[in-house]
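Me: I would like to learn how to read a model of this kind, feature by feature. Could you give me the general idea each time and then the case at hand?

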Amino acid sequence: MSMREQWGTRAGFIMAAVGSAIGLGNIWRFPATAYENGGGAFFIPYLFALLTAGIPLLILEFTIGHKYRGSAPLSFSRMNKKAEWIGWWAVFVSFVISTYYSVIIAWAISYSIFSFNQTWGTDTEAFLFGEYLQLPDVPGQIGAIVPSVFIPLIIVWAITLGVLFKGVKKGIELANRIFIPTLVVIFLIIVIRAITLPGAAEGLTSFFEPNFEAITSGGVWVAAYGQIFFSLSIAFAIMITYSSYLPKKSDITNNAFITGFSNSSFELLAGIGVFAALGFMASQAGVGVEEVVAGGVGLAFVVFPQIINEFPALSGLFGFLFFASLVLAGLSSLISISETYVKGISEKFGISRTAAVSIGGGLAALISLIYATDGGLYFLDAADYFINQFGVALIGLVEVVAIAWFMRKLGDFQNHANSISDIRIGGWWKVCLGVITPLVLGYMMFDLFKQNLL
Ligand code: PHE
Ligand code: NA
């Protein structure tokens, strides 16, 4: 058997893990989530979730990958033959996400080019849904492929699969070593510009203004845990796969702290940049900040084009930089989700990386074309809804309960992590994973079912 592929350097691994973590979730999900859930006061449940679930789970997943040296399915089956399905479930969820995450990156490529002459005009919403996505009135119809989405989508998959063909060191590591520093520089430029715009102060005030009453509600804590899970790419099989390429002598705990704090710092930076820009927009329109707050697709593709329309100078350039940052953040995450099934398939069926990328990646790319048709947005919404309901939180819950209570592996894993890491983890780590995280995730699932069934 050939040697397992490995990261070239420690920094390379960290860059790849941070690249997976930093994604659309940081830029368009975090700012609105924090704003809606207590503003400045949100940082209390958020930090609590980072320290009790985010970083402990990163340590757990890094340990699993490092110890069992396999993608998620192989690692779980080496842990216990009967647990392999947990890995496949996470891989399946990653596969589905990759099919539509890729499409959003494709839109961002189009919009980075539209920025230069503000192709979107003044009615940015009508442009997005009508002209660009060509959304029909009747949901559920699949029409023809929209060429303006199709072409950038092909570019997204060509880059992603091209990187994966090249393997761990020459592909994934190299791509992230280029993407992530570039992303950070671009983003700093955007944030500095945003906070010096007129009205930025009002935006920041409304972002940071704490509403301490909010954090007495369970929903705000659920939102904090949800953000941490999604944002750190936990329970998606990704971090297990990436850490399976770590050399024997590697630090685990320290790497987990670095990854967790880098992601949160970027998220905070995004919150500042986004709200400074929203404050600017509100002041231009002569309305309160609360009137312009948005998240998700609406923030990136409807509100940001409006902000760029209002820019005092160099609007084309700043528009381009904003959408380029979405592309870079998105691609590094897409590469990581796609690697989970590439490696999963390659190990399960004993086929080469090239074959696994062609089959797994090819299939994902093919399925993603559904969302590039003129009714595609309806399917994208449906897939995203399905994943949020049955995906992440539930896998996370099954993962920790199976490991902590059925297989009773936490003690072993604690020793494994401590035998190679600078920072030693103590009993608190087991309490976080065995008690706190399952309770919170259990409550989250209960909350979801209540919302959907009652
Ligand atoms: N962590 C990424 C983000 O914040 C999202 C993501 C989730 C990426 C799962 C890959 C897999 O956007
Ligand atoms: Na993130």
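Me: Which residues of α4 are buried?

Reply: A residue is called buried if 20 or more other C-beta atoms lie within 10 Å of its own, exposed if 12 or fewer do, and partly exposed in between, with C-beta atoms placed from the backbone. In α4 (72-79), the buried residues are Ala72, Pro73, Leu74, Ser75, Phe76, Ser77 and Met79, so that seven of its eight residues are buried and the helix is mostly covered. This is a predicted model, in which local features need pLDDT of at least 70 and side-chain atom pairs count only at pLDDT 80 or more, while totals for chains, interfaces and linings use all residues. Residues are numbered from 1 along each chain as its sequence is written, and chains are lettered from A and ligands numbered from 1 in the order in which they are written.

Me: What do the buried residues of α4 pack against?

Reply: Packing is read from contacts, and two residues are in contact if their C-beta atoms, placed from the backbone, lie within 7 Å. The buried residues of α4 pack against α3, α5 (84-114), α11 (238-243) and α14. The helices named here are DSSP runs (H or I, at least four residues), as strands are (E, at least two), and both are numbered from the N terminus.

Me: How many helices and strands are there in the chain, and how does its radius of gyration stand against that of a compact globule?

Reply: The chain has 19 helices and zero strands. The radius of gyration is taken over C-alpha atoms, and the globule rule is 2.2 Å times the number of residues to the power 0.38; for 454 residues a compact globule would come near 22 Å, and the chain, with 21 Å, agrees. Its C-alpha trace spans about 60 × 50 × 45 Å along the principal axes, and buried residues make up 53% of the 454. Among contacts with a separation of 6 or more, 86% join residues 24 or more positions apart.

Me: What confidence does the predictor give?

Reply: pLDDT is the predictor's confidence in each residue, from 0 to 100. The mean pLDDT of the chain is 94, with 98% of its residues at 70 or more, and the complex is given an ipTM of 0.96 and a pTM of 0.96. Where pLDDT is low, the predicted coordinates should not be read in detail.

Me: Which residues come nearest to ligand 1?

Reply: A residue is near a molecule if its C-beta atom, placed from the backbone, lies within 6 Å of it. Of the 15 residues around ligand 1, Gly23, Gly25, Ser231, Ser233 and Ser333 come nearest. At least two residues of the shell are supplied by each of α1 (10-21), α2 (24-36), α10 (218-231) and α14 (315-349). The shell divides into seven nonpolar, eight polar and no charged residues, where Ala, Val, Leu, Ile, Met, Phe, Trp, Tyr, Cys and Pro count as nonpolar, Asp, Glu, Lys and Arg as charged, and the others, Gly among them, as polar.

Me: Is Ala21 buried or exposed, and what does Ala21 touch?

Reply: Ala21, found in helix α1, counts as buried because it has 29 C-beta neighbours inside 10 Å. Not counting residues up to four places away in sequence, Ala21 touches Ser231, Leu232, Ser233, Thr259 and Asn263. Ala21 and Ile238 are 217 residues apart in sequence, and their C-alpha atoms are 9.7 Å apart in space.

Me: Where is Ile425 found, and is Ile425 buried or exposed?

Reply: Ile425 is found in the loop between α18 (410-420) and α19 (427-453), and counts as buried because 22 C-beta neighbours lie inside 10 Å. Leaving aside neighbours within four places in sequence, Ile425 is in contact with Ile59, Thr253, Gln414, Ala417 and Asn418.

Me: What is the phi of Arg69, and what is that of Leu314?

Reply: Arg69, although not a glycine, has a positive phi of about 50 degrees, and Leu314, also a residue other than glycine, has a positive value near 55 degrees. Arg69 is found in the loop between α3 (43-68) and α4, and is partly exposed, with 16 other C-beta atoms within 10 Å. Leu314 is found in the loop between α13 (296-310) and α14, and counts as exposed because it has 11 C-beta neighbours inside 10 Å.
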